[in-house]
Every structure is written in structure tokens, then in C-alpha cells.
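Here is a short report for a reader who is new to this structure. Look at the sequence and the 3D view first, then read on.

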Amino acid sequence: MESLIKCGAFDSLGNRQQLLENLDLIMAFAAKLQKEAALGQVDLFGNSTDVATRSTLTLSPAAIQQDTHEQLAWERELLGLYLSQHPLDDFIEYLEETTIAISELKPTHDGKSATVGGAIADVREIMTRNGKKMAFVKLEDKFGEMELIVFPGKFDELGELLIRDKIVSVKGKISAKDRAGVVSEEIKILVDTMTEISLSDARDYKKTGKKKPVPKEKELPSEPQKDPIIYVRVASSKDDSQLLAIKQVIDNNPGQAEIILVVGEAKQALRLPQRVANEAVIPQLRDIVGTESIIVR
């Protein structure tokens with residue numbers, strides 16, 4: 001199949017119907033070659049051993065010469081890959097200077113504005129609870145891919161641009177937060193504006209030698225360090241002197257660490273209402289109950 005495309009079998013296809021007709025011809029021709037090979041009339045590579053009986057393939061003539069963009073769309077749709085060239089090859093210089101490569105965006109750009117560009121690879125529309133349409137769009141450039149989120153207010157304005165294989169420039173806010181609001185490695189763009197980039201836009205573009213600057217990274221807030229939980233094991237709840245000593249240590253060292261008493265063989269856990277300064281109480285508690293009866297987590 002690849003050799004047929006490269007030698008021009010699809011270059012002159014005029015429309016989708018003609019493409020399907022030619023594919024039927026190719027499949028029938030391939031089946032005929034297999035049959036002839038089984039009868040010993042052709043060699044392993046489909047070449048007839050007898051010139052007089054060599055099979056030939058004649059494809060339907062083209063009605064209209066298709067542009068490269070449509071041919072590439074057909075290649076991807078029918079074969080799952082691009083053979084003749086990448087659809088963004090003609091847009092490289094334009095995209096390099098007017099947009100930021102997807103691979104250059106990082107979680108540390110969360111909340112910053114950016115302009116990206118590329119080909120729309122997939123569009124998934126959903127209906128919100130309010131009966132409004134929004135979309136999740138997969139955008140690809142030659143260096144990576146990312147998700148664009150088009151909220152209902154923007155969907156009404158930009159919906160007609162959300163077409164697979166359309167080349168677009170997109171401006172919006174970078175979001176690296178998940179549903180819980182935690183910064184993750186997955187970067188998205190919350191779309192503000194979107195414009196189509198035509199082939200003439202790319203070809204007429206005058207290169208300046210200046211690339212679009214990447215947003216300044218911000219320092220992500222580090223997760224607050226959690227205070228430890230101190231587990232104090234006591235053999236019996238009836239040892240009043242030991243319990244009183246523990247209480248005095250707790251009362252004299254207020255802080256932020258949580259303390260839990262684990263009582264008796266049943267290991268009943270009692271969460272105390274007071275919080276303590278762990279650095280100060282741990283050595284004192286060890287003197288009271290023993291090192292093996294203190295666990296800090």
C-alpha cells in the first residue's frame with residue numbers, strides 16, 4: 001500500500017468516491033496476485049515469471065486534483081498515519097515564531113497565559129448540566145500534544161473551528177491542576193481565543209528570527225510539612241501514677257503534634273484533645289513508658 005501511495009496511486013484522486021473505487025481495485029488486484037502466486041505464475045514479489053501473462057493495474061482517472069491538506073487527511077483516515085509528509089511541515093516557520101511549542105510548557109507555568117498552535121487531532125463535545133455545550137480538544141504540534149478545554153461561553157463563539165485536521169492558533173490560560181486543585185504533570189489550556197491558520201498565512205509569513213517567549217515559571221507552593229502523630233502505649237488504664245506523669249508532660253509542652261494513647265492488650269486508641277510540641281515531649285514520654293512504647297508517624 002505504501003509503495004502505491006508513493007508512486008502516485010493516490011496523488012490524482014479526485015474525490016472520496018473515486019478513492020474508494022481505487023482501493024477496491026487495489027484490493028482485487030492484490031487478491032489476484034495472491035491467487036497467481038499460489039498457481040506459480042508470479043514470484044514472491046508479485047512479478048510474473050512470464051511477461052505475456054503479467055497482471056497490470058489501472059486506476060480510475062482523477063476528476064479534480066486535491067490539495068495536499070486533504071490528501072494527508074485521507075492518508076491518516078485510511079492508514080492511521082501520514083506517508084507523504086506531516087501536515088504541519090508547511091507551517092513550521094509560522095508556528096515557531098507566533099506560538100510556543102507544546103513541549104516547552106511545564107506545570108510551573110500554571111496560571112500563565114500562552115499561545116500554542118498545531119493541528120486539531122480530536123474533538124469531544126459534552127453537554128453541561130445547564131444544557132450548554134463545551135468541548136475537550138486534542139491539539140498536536142510536531143513536538144507534543146495537549147488538551148484544550150473550551151467552556152460553554154467560548155464554545156458558542158469558537159465551535160465552528162473545532163474540526164479535526166484544522167490548523168489553529170490558540171491563546172488561553174495554562175492549567176496544571178487536577179480536579180482536587182493539586183498541581184499535576186498534565187497541562188491543559190483553558191481557551192480564550194482561537195483562530196485558523198491558513199496555508200496562505202503560513203506561506204506569506206515573513207520570518208523575523210524571533211521566537212515567541214515562553215512564560216516565566218513560577219515557584220509552586222510546597223506541600224506543608226505535616227506534624228507527626230505520637231502514639232503512646234500504656235499497659236493499663238489503672239496505673240494512675242503513669243497516666244498523671246503523661247498528663248503533666250502534655251500540659252507543659254503545648255504544640256501542634258497530635259497524641260494518641262494506645263491502652264492495654266486490646267490496644268484501644270484514645271485521641272487526646274491536647275496537641276504537643278513533639279521535639280520536647282518525646283524524650284520525656286520515653287522516660288515514663290519506655291522507648292518501645294513510643295511510635296512517631
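## Terms and basis

Contact, or touching, means heavy atoms within 4.5 Å. This is a predicted model, where local features need pLDDT of at least 70 and side-chain atom pairs count only at pLDDT 80 or more, while totals for chains, interfaces and linings use all residues. Residues are numbered from 1 along each chain as its sequence is written, and side-chain values use heavy atoms, with hydrogens and water left out.

Helices (H or I, at least four residues) and strands (E, at least two) are DSSP runs, numbered from the N terminus. Buried means under 20% relative accessible area, exposed over 50%, and partly exposed in between (1.4 Å probe, protein chains only).

## Two nonpolar cores

A nonpolar core is a set of buried Ala, Val, Leu, Ile, Met, Phe, Trp, Tyr and Cys residues joined through side-chain atoms within 4.5 Å. The largest one has 23 residues. Leu105, Met146, Leu148, Val170, Ile189, Val191 and Met194 have the most contacts inside it. Two or more residues each come from strands S1 (113-127), S2 (133-140), S3 (145-150), S4 (167-177) and S5 (183-196), and from helix H5 (152-158). S5 gives the largest share, 4 residues.

## Helices H7 and H8

Helix H7 spans residues 240-252, and helix H8 spans residues 278-289. They pack at an angle of about 175 degrees, with their axes 10 Å apart. Axes are lines fitted to C-alpha atoms, for helices over the stretch in contact, and angles run from 0 to 180 degrees between N-to-C directions. H7 and H8 are therefore roughly antiparallel (an angle over 145 degrees).

H7 brings Gln242, Ala245, Ile246 and Val249 to the contact. H8 brings Val281, Gln284, Leu285, Ile288 and Val289.

Gln242 lies in H7. Gln242 counts as buried because its relative accessibility is 16%. Leaving aside neighbours within four places in sequence, Gln242 is in contact with Val234, Ala235, Ile288 and Val289.

## Aspartate 201

Asp201 sits in helix H6 (residues 199-204). Is Asp201 buried or partly exposed? Asp201 counts as partly exposed, because its relative accessibility is 34%.

Asp201 touches Tyr94 and Glu196, not counting residues up to four places away in sequence. Asp201 and Tyr94 are 107 residues apart along the chain, yet their C-alpha atoms are separated by 8.1 Å.

How values were computed: Parallel < 35°, antiparallel > 145°, perpendicular 65-115°, else oblique.
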